[in-house]
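Thanks for taking a look at this one with me. Please open the sequence and the model side by side before reading on.

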Amino acid sequence: MADIQDAGEIQFQCSNCNQLLEVANEHRGKSIACPKCSTNMLVPVLPVAKAVEAPKVQMIERTAKRYKGRLVIATLLGVIGVILLIIGSVQLSTEENPSGGVSFGLGLTMCLFAAIWGIAIRIRIWWHHE
Ligand SMILES: [Zn+2]
């Protein structure tokens, strides 16, 4: 039985240079050196077709989803900031209302914060997708 299981070859990619390697099944679990870049690695015990690409794609999708949520919060913050800014400027122009200045200042701060945060998130998304 062991002879049948050990027959054939196992295909996997070098963890360093992604070179496709073909190794006899009897070397499974043993350490070998990549013929291209000489990196030492373990031969997988089980066949690992596409195992190199899948986690990378999943990671990009996960980070995109995470940053999308933050982008929504930043946008909402910006919208609230604009509303406060308008309320503040209307109050300041129509009457001597000290709360107008507070709304205006708070709105301006929120707008600036949301804008900077939104740009930072977009840069991070771009960075992860490159
Ligand atoms: Zn290699």
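1. First, the ground rules. This is a predicted model, in which local features need pLDDT of at least 70, side-chain atom pairs count only at pLDDT 80 or more, and totals for chains, interfaces and linings use all residues. Residues are numbered from 1 along each chain as its sequence is written.

2. A word on confidence. The chain has a mean pLDDT of 80, and 78% of its residues reach 70 or more; pLDDT is the predictor's confidence in each residue, from 0 to 100. Among the elements, β3 has the highest mean, 92, while helix α1 (residues 2-6) has the lowest, 48. Where pLDDT is low, the predicted coordinates should not be read in detail.

3. Now the overall layout. The chain holds three helices and four strands, and from the N terminus on they run α-β-β-β-β-α-α. Helices (H or I, at least four residues) and strands (E, at least two) are DSSP runs, numbered from the N terminus.

4. How much of the chain is buried? Buried residues make up 6% of the 130 residues. A residue is buried if 20 or more other C-beta atoms lie within 10 Å of its own, exposed if 12 or fewer, and partly exposed in between, with C-beta atoms placed from the backbone. As for contacts between residues at least 6 apart in sequence, 39% join residues at least 24 apart; two residues are in contact if their C-beta atoms, placed from the backbone, lie within 7 Å.

5. Do look at the hairpin. Strand β1 (residues 9-13) and β2 pair in the antiparallel sense over five bridges, where pairing requires that DSSP finds at least two bridges between two strands. E9 stands opposite A24 in β2. Strand β2 (residues 20-24) lies largely in the open, because the number buried among its five residues is zero.

6. N18 is not a glycine, yet has a positive phi of about 65°. Six residues lie between the strands of this hairpin. N18 counts as partly exposed because 13 other C-beta atoms lie within 10 Å.

7. Finally, visit S38, in the loop between β3 (31-33) and β4 (40-42). S38 also takes a positive phi of about 65° although it is not a glycine. S38 has 10 C-beta neighbours inside 10 Å, so it counts as exposed.
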